[in-house]
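Please look over the sequence and the structure shown below. The report that follows takes up a pair of helices, a loop residue and some salt bridges.

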Amino acid sequence: MSRVLLLLQDNIVIVIMPEISDDDLEAMLERKPTVREAKVDDHALMVKALEHPVRRKIIKTIGIFGKTKDKLRKEVGVDEAMLNFQIDFFIKGNYLKIEEGNYRLTDRGLVLLSNIPK
């Protein structure tokens, strides 16, 4: 592993960075997260989903039975742009899926639902 050299000269810190080869840079960019990093990221995404009041209301409104887009928008009381933005967040996070024109919670979405106080 390369080292960083710090020099102090006349109260100025000089940082000497080793060169990173193209192969090393490519390997760093292609590295997959560790299991621990993936779990931390997953937990952070769940917290982000649960801390937003509109997102909590969407999850509670969909519930275990699902909702159509029109019913969901009316019951949550948001405009279409806001609903679309939140729905995209849930779909990308694998919390929500669309089945036969209805929004339904995935298993991960049901975990969110179970963590929302009644």
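Helix 4 and helix 5 are roughly perpendicular to each other, a term used for angles of 65 to 115 degrees, whereas angles under 35 degrees count as roughly parallel, over 145 as roughly antiparallel and the rest as oblique. The axes of helix 4 (residues 69-76) and helix 5 (residues 80-92) cross at roughly 110 degrees and come within 10 Å. Axes here are lines fitted to C-alpha atoms, for helices over the stretch in contact, with angles from 0 to 180 degrees between N-to-C directions; helices (H or I, at least four residues) and strands (E, at least two) are DSSP runs numbered from the N terminus.

On the side of helix 4, Lys 69, Leu 72 and Arg 73 take part in the contact, and they meet Glu 80, Leu 83, Asn 84 and Ile 87 of helix 5, where contact means heavy atoms within 4.5 Å. The residues of this contact divide into 3 nonpolar, 1 polar and 3 charged.

## Basis of the model

This is a predicted model, in which local features need pLDDT of at least 70 and side-chain atom pairs count only at pLDDT 80 or more, while totals for chains, interfaces and linings use all residues. Residues are numbered from 1 along each chain as its sequence is written, and side-chain values use heavy atoms, with hydrogens and water left out.

## A buried loop residue

Thr 106 lies in the loop between strand 5 (102-105) and helix 6 (107-114). Thr 106 counts as buried because its relative accessibility is 11%; buried means under 20% relative accessible area, exposed over 50% and partly exposed in between (1.4 Å probe, protein chains only). Leaving aside residues up to four places away in sequence, Thr 106 touches Asn 94, Tyr 95, Leu 96 and Lys 97.

## Salt bridges

A salt bridge is counted when a side-chain nitrogen of Lys or Arg lies within 4 Å of a carboxyl oxygen of Asp or Glu, and the count comes to 6 salt bridges. One of them joins the side chains of Asp 42 and Arg 108 (2.6 Å, N to O). This pair links distant parts of the chain, with Asp 42 in helix 2 (residues 35-51) and Arg 108 in helix 6, 66 residues apart. Asp 42 is partly exposed at 28% relative accessible area, and Arg 108 is partly exposed at 24%.

Lys 97, Glu 99 and Arg 104 are linked in a network of salt bridges. Glu 99 pairs with Lys 97, their closest N and O atoms being 3.3 Å apart, and Arg 104 pairs with Glu 99, with closest N and O atoms 3.3 Å apart.

Methods
Ala, Val, Leu, Ile, Met, Phe, Trp, Tyr, Cys and Pro count as nonpolar, Asp, Glu, Lys and Arg as charged, and the others, Gly among them, as polar.
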